[in-house]
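Have the model open in your viewer and a selection tool at hand. We will go from stop to stop, picking residues as we go.

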Amino acid sequence: MKIIMLGAPGAGKGTQAKMIAEKYDVPHVSTGDIFRANIKNGTELGMEAKKYMDEGLLVPDELTVRILLDRVAQEDCRKGYVLDGFPRTIPQAEVLDEALGKTGSKIDYAINVEVPDENIVKRMSGRRACLSCGATYHVEHVPPQKEGICDVCGKELVLRDDDKAETVRNRLDVYHKQTQPLIDFYQAKGILHSVDGTADMNDVFAAITEILG
Ligand code: AP5
Ligand code: MG
């Protein structure tokens, strides 16, 4: 089962992708998490990606596509995966289709998590992230057991550099211009399913499992 998560920054793609990955036993592949892990480890790729991420801009397609195709070529992705944050532009989606086509495969579901812009900025300022294991919390909606500490790995939780209100607004602009066209792209392929992302996260997940079966 190959699934794509679509939605604005902060819509809950990562939250739902992790739940899908667990229930359907497929890897959760997030380009944002891959970039953040590289930034944390000070790699060349991380340094390059950070320039764009800190401004709320997209990392160039060439770089992102290479990273993603390498990742999904790994053994654990053979049975499927849930992509979170990729594709984010039409060219990325086309490259993915082409690569899958070569192996006689295709994306099965594109899940669009819908949340209006007004809700997003508020959500992001409350998000806390673990840069070690990728777990995500929210100070009100999904608090960790111990304030500021990751339940999963015990490391410190941080406010992501790109979750400042001004950067979030840039990310929303970029989303509307560059990523939203993917909704029509997958609609035309007949695999688009939209869910109401403003509902409680367990209700959002219930709607998704209804779609995935
Ligand atoms: P990325 O890491 O993908 O960030 P994003 O798309 O901006 O999305 P977020 O991770 O911010 O939000 P989310 O939808 O995962 O929401 P979450 O579940 O955390 O990308 C970061 C950057 O990397 C990009 O700006 C770009 O520069 C670069 N990049 C990545 N991929 C790229 C690509 N393909 N091409 C080019 N550049 C790329 O939830 C948000 C908060 O809300 C959390 O606190 C959560 O606990 C809470 N929450 C979740 N669901 C609910 C709910 N139902 N009710 C209440 N609260 C909820
Ligand atoms: Mg995310």
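Start by selecting residues 127–130, which form strand β5. In this predicted model, β5 runs antiparallel to β6 and is joined to β6 by three bridges.

Now widen the selection to the whole sheet: three strands in the order β6-β5-β7, open and with antiparallel pairing. Which strands stand at the edges? They are β6 (136–138) and β7; each has a single partner strand, so one side of each is left without a neighbour in the sheet.

Is D163 buried or exposed? It counts as buried because its relative accessibility is 3%, under the 20% cut-off. Show side chains here, and you will see D163 and R171 joined by a polar contact of 2.9 Å. Leaving out residues up to four places away in sequence, D163 touches M124, R127, V168 and R171.

Next, move to the largest nonpolar core, which has 45 residues. Good ones to select are M5, I20, L83 and Y186, the members that touch the most others. Helix α1 (residues 13–24) supplies the largest share of this core, with five residues.

Center on I20 and display its surroundings: beyond its neighbours within four places in sequence, I20 is in contact with I3, M5, D25, V82, F205, I208 and L212.

For the last stop, look for another core lying apart from that one; it has seven residues, including F35, V59, L63 and I67.

Terms used: Residues are numbered from 1 along each chain as its sequence is written. Chains are lettered from A and ligands numbered from 1 in the order in which they are written. This is a predicted model: local features need pLDDT of at least 70, side-chain atom pairs count only at pLDDT 80 or more; totals for chains, interfaces and linings use all residues. Side-chain values use heavy atoms; hydrogens and water are left out. A nonpolar core is a set of buried Ala, Val, Leu, Ile, Met, Phe, Trp, Tyr and Cys residues joined through side-chain atoms within 4.5 Å. Buried means under 20% relative accessible area, exposed over 50%, partly exposed in between (1.4 Å probe, protein chains only). Helices (H or I, at least four residues) and strands (E, at least two) are DSSP runs, numbered from the N terminus. Contact means heavy atoms within 4.5 Å. A polar contact is a pair of N or O atoms within 3.5 Å; within protein, one must be able to donate a hydrogen and the other to accept it, and residues adjacent in sequence count only if both atoms are side-chain atoms. Two strands pair if DSSP finds at least two bridges between them.
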